Amino acid sequence: CIFEGFMDFLSYLTMKGKEIAPSLVLNSVANVGKAVKHLDGYGRIDCFLDRDEAGRRTLEALKGYYGGRVTDRSALHDGYKDLNEYLQLTAKNEQ
């Protein structure tokens, strides 16, 4: 699993519990080039990136490296900028 920021990773962990796949946090989409060397051994790469231009560019860059092994998982937070915003606003609505 790839996350754009640490808060998104923590939000996903809050939503899914401790049973998640190995994860990589970019901390900035500018770090995607540095991250690719750590992804070579994985058969599937799930991307939980922001739903903005930078997130889409990063997803396309990863697809350029790994093709069909890359899956866009941003539908999980459809209608929200990122996982953190999704969790904050949906948790607030449930109260």
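Modeller: Two strands pair if DSSP finds at least two bridges between them. Please keep in mind that this is a predicted model.

Colleague: In what order do the four strands form the open sheet?

Modeller: The order is β2-β1-β3-β4, and the pairing is parallel. The edge strands are β2 (24-25) and β4 (70-72), each of which pairs on one side only.

Colleague: How many bridges join β1 to β2?

Modeller: Two bridges join β1, residues 2-3, to β2. In one of the pairs, Phe3 has Val25 in β2 as its bridge partner.

Colleague: Which strands does helix α3 lie across?

Modeller: Helix α3, residues 53-66, lies across β1, β3 and β4. It runs at about 155° to β4.

Colleague: Let us change topic. Where is Ser74, and is Ser74 buried or exposed?

Modeller: Ser74 is in the loop between β4 and α4 (83-94). Its relative accessible area is 6%, so it is buried, as the cut-off for buried is under 20%.

Colleague: What does the side chain of Ser74 make a polar contact with?

Modeller: The partner is the side chain of Arg51, at 2.8 Å. Beyond its neighbours within four places in sequence, Ser74 is in contact with Cys47, Leu49 and Arg51.

Colleague: And where is the place of Val36?

Modeller: Val36 is in the loop between α2 (32-35) and β3 (45-48).

Colleague: Why does Val36 count as buried?

Modeller: Val36 counts as buried because its relative accessibility is 11%.

Colleague: Which residues does Val36 touch?

Modeller: Not counting residues up to four places away in sequence, Val36 touches Leu62, Tyr65 and Tyr66. The C-alpha atoms of Val36 and Ala61 are separated by 9.8 Å, and these residues are 25 residues apart along the chain.

Definitions and conventions
Residues numbered from 1 in each chain as written. Predicted model: local features only at pLDDT ≥ 70, side-chain atom pairs only at ≥ 80, totals over all residues. Heavy atoms only, no water. Buried < 20%, exposed > 50% of the residue type's maximum accessible area, 1.4 Å probe, protein only. Contact = heavy atoms within 4.5 Å. Axes fitted to C-alpha atoms, helices over the stretch in contact; angles between N-to-C directions. Polar contact = N/O pair within 3.5 Å; in protein donor to acceptor, adjacent residues only side chain to side chain.
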